[in-house]
Amino acid sequence: MSDPGSAGAATAGRPRHRLLTVTLIVSALLNVCFIAGAAWTHWYPPGPGAIQEERYRQMRAELDLDAKQRQAFDAYVVAMRAHSEQMRQEIGPLFGAAWREIAKPTAESAQVMRLFDEAAEKRRQAQREMTAQTLEFLATLTPEQRSKFVAIARERRASWLHSRPARP
């Protein structure tokens, strides 16, 4: 015959054993998910668009905008994206053509310079348009918000410049 006291002790130990097993399984699954997430972000980092989108969200929050200002900010962001995309579409082919010319054994320096000058002019034009759009948005802000916007923009510009690899 079995001892009734030992049967109760074995039954009392089972819930602890199950709890320990479940805890270990959950811990192992979380570790696997963490490692998979780290690997994913290593092999598939967020693109510049995702990073820029996060910066806009942070800026919007830091500026503490009212409803009308949020609407102006959202319109400003849409305009900046459109100008940036248009600039990439216009300048990219010019740079590509300049580099194709440079790669030729008998590259024409006048053609290369013309292409780079045309790209630079399109970039300047886009910067003028973007500056006008920025000033229009800044007019909707209080002096404190405007100062904050400028500080954030300068800080991000400085971090971007310092994060770029040095050119030979």
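Both Tyr56 and Phe73 are buried, where buried means under 20% relative accessible area, exposed means over 50%, and partly exposed lies in between (1.4 Å probe, protein chains only). The model is predicted, so local features need pLDDT of at least 70 and side-chain atom pairs count only at pLDDT 80 or more, while totals for chains, interfaces and linings use all residues. Residues are numbered from 1 along each chain as its sequence is written, and side-chain values use heavy atoms, with hydrogens and water left out.

Start with the overall layout. The protein chain has 5 helices and 0 strands. Helices (H or I, at least four residues) and strands (E, at least two) are DSSP runs, numbered from the N terminus. Read from that end, the order is α-α-α-α-α. Of the 168 residues in the protein chain, 18% are buried. Contact means heavy atoms within 4.5 Å. Among contacts between residues at least 6 apart in sequence, 63% join residues at least 24 apart.

Now return to the opening pair. Across the whole structure there are 8 aromatic pairs. Rings of Phe, Tyr and Trp (its six-membered ring) pair if their centres lie within 6.5 Å; planes under 30 degrees apart count as stacked, over 60 as edge-to-face and the rest as tilted. The ring centres of Tyr56 and Phe73 are 6.3 Å apart and their planes meet at 75°, so this pair is edge-to-face. It links distant parts of the chain: Tyr56 sits in helix H2 (residues 48-63) and Phe73 in helix H3 (residues 67-103), 17 residues apart. One aromatic cluster takes in Tyr56, Phe73, Tyr76, Phe137 and Phe149. Leaving aside residues up to four places away in sequence, Phe73 touches Tyr56, Met59, Arg60, Leu65 and Phe137.

What surrounds Tyr76? This residue lies in helix H3. Tyr76 is buried, because its relative accessible area is 8%. Beyond four places in sequence, Tyr76 touches Gln133, Thr134, Phe137 and Phe149. Its side chain also makes a polar contact with the side chain of Thr134 (3.0 Å). A polar contact is a pair of N or O atoms within 3.5 Å; within protein, one must be able to donate a hydrogen and the other to accept it, and residues adjacent in sequence count only if both atoms are side-chain atoms. Tyr76 and Leu138 are 62 residues apart in sequence, yet 9.7 Å apart in space, C-alpha to C-alpha.

Next come the nonpolar cores. Such a core is a set of buried Ala, Val, Leu, Ile, Met, Phe, Trp, Tyr and Cys residues joined through side-chain atoms within 4.5 Å. In soluble globular proteins, nonpolar side chains tend to be buried together. The largest core here has 14 residues; Met59, Leu63, Phe73, Tyr76, Phe137, Leu141 and Phe149 touch the most other members. H2, H3, H4 and helix H5 (143-163) each give two or more residues to this core. H3 provides the largest share, 4 residues. Another core lies apart from it, with 7 residues, including Met87, Ala98, Leu115 and Ala126.

Follow helix H4 along its length. H4 (residues 109-138) has 30 residues and should span 44 Å at 1.5 Å a residue; its end C-alpha atoms are 42 Å apart, which agrees. The expected span is 1.5 Å times one less than the number of residues. Buried positions in H4 are Val112, Leu115, Ala119, Ala126, Met130, Thr134, Phe137 and Leu138. Phe116 also lies in H4. Phe116 counts as partly exposed because its relative accessibility is 24%. Outside four places in sequence, Phe116 touches Phe95, Ala98, Trp99 and Ile102. Phe116 and Phe95 are 21 residues apart in sequence and 6.6 Å apart in space, C-alpha to C-alpha.

Glu101 is in helix H3. Its relative accessibility is 7%, so Glu101 counts as buried. The Glu101 side chain makes a polar contact with the Lys104 side chain (3.0 Å). Not counting residues up to four places away, Glu101 touches Thr106, Ala107, Glu108, Gln111 and Val112. Asp64 occupies the loop between H2 and H3. With a relative accessible area of 63%, Asp64 is exposed. Its phi is near 55°, a positive value in a residue other than glycine.
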